[in-house]
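Biologist: I have a new model open and would like to learn how to read its features. Could you walk me through it?

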Amino acid sequence: MSFSDIFKSSFLDTATSITPFDMALALLLSFGVGLFIFFVYKKTYQGVMYSSSFGVTLVALTMITALVILAVTSNVVLSLGMVGALSIVRFRTAIKEPLDIAFLFWSIAVGIVLAAGMIPLAVLGSVLIGVMLLVFVNRKPSVNPYIVVVQCDGGDSEQRASECLSAHTLKCVVKSKTARKDAVELTCEVRLKGGDTSFVNELSQLGGVSSAVLVSYNGDYMG
């Protein structure tokens, strides 16, 4: 068979077609697994503001990928045209959370595997991936980190504030320091002793300390 025979109608007529049952089964399974991915994403999200639209996108992306692969496997000419069309698509949306990339690839991979007919692999693989993410992402550290921001009027008050933090916390690490004329801003990562935050009141009463702020810290520090 020559290359030109591929584009003849006789070849297209004999090409393997997808039955309506296979189409419905692949789309329904992609919808179900997509909902499972959505559920795992919702349970493992650790960002500042949860976006439900991204979760819906995961479900839609799973179904769309399955739809595209079904079309590609049923028609050679359509697959060549689709490759050319998809090659010009550019996505400009920034991914803020690194874990979101894993969910996007997960949705795309499940859609491809389901459309290829490997249903046990898609279902079993999704279950294992989901359990792994639920276990490791939701695993909390033994001591939650916090950030303390202290405003001082000089080096002596900064020293007293540092000593106070070291005495009342399990761990104190300086993350940043901003020095201006008659003003020093100290940012420290601390581990609390049993969740006690009363040391912040004591810290604010030290001589030369104008303010002390304690905020939760998710582990991503940007200086």
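**Reading the salt bridges**

Modeller: At 13% relative accessibility, Glu158 counts as buried, where buried means under 20% relative accessible area, exposed over 50%, and partly exposed in between (1.4 Å probe, protein chains only). Keep in mind that this is a predicted model, in which local features need pLDDT of at least 70 and side-chain atom pairs count only at pLDDT 80 or more, while totals for chains, interfaces and linings use all residues. Residues are numbered from 1 along each chain as its sequence is written, and side-chain values use heavy atoms, with hydrogens and water left out.

Biologist: Which residue forms a salt bridge with Glu158?

Modeller: The general idea is that side chains of opposite charge can pair when their charged atoms come close. A salt bridge here is a side-chain nitrogen of Lys or Arg within 4 Å of a carboxyl oxygen of Asp or Glu. In this case the partner is Lys177, with the closest N and O atoms 3.0 Å apart. Lys177 lies in strand 2 (residues 169–180) and Glu158 in helix 7 (residues 155–168), so the pair ties together parts that are 19 residues apart in sequence. Helices (H or I, at least four residues) and strands (E, at least two) are DSSP runs, numbered from the N terminus.

Biologist: Is Lys177 buried or partly exposed?

Modeller: Lys177 counts as partly exposed, at 49% relative accessibility.

Biologist: How many salt bridges does the structure hold?

Modeller: There are three. Another one joins Lys175 to Glu189, whose closest N and O atoms are 3.2 Å apart. That pair links distant parts of the chain, Lys175 in strand 2 and Glu189 in strand 3 (residues 183–192), 14 residues apart. Glu189 also meets Arg191 in a salt bridge (2.5 Å, N to O). Through shared partners, Lys175, Glu189 and Arg191 are joined into one network. Within it, Glu189 is buried at 10% relative accessibility, whereas Lys175 is partly exposed at 32%.

Biologist: Now for helix packing: how are helix 5 and helix 6 oriented to each other?

Modeller: Axes are lines fitted to C-alpha atoms, for helices over the stretch in contact, and angles run from 0 to 180 degrees between N-to-C directions. Angles under 35 degrees count as roughly parallel, over 145 as roughly antiparallel, 65 to 115 as roughly perpendicular and the rest as oblique. Helix 5 (residues 98–115) packs against helix 6 at about 165°, with the axes 9 Å apart. The two helices are therefore roughly antiparallel.

Biologist: Where is Met132?

Modeller: Met132 sits in helix 6 (residues 119–137) and is partly exposed, at 40% relative accessibility.
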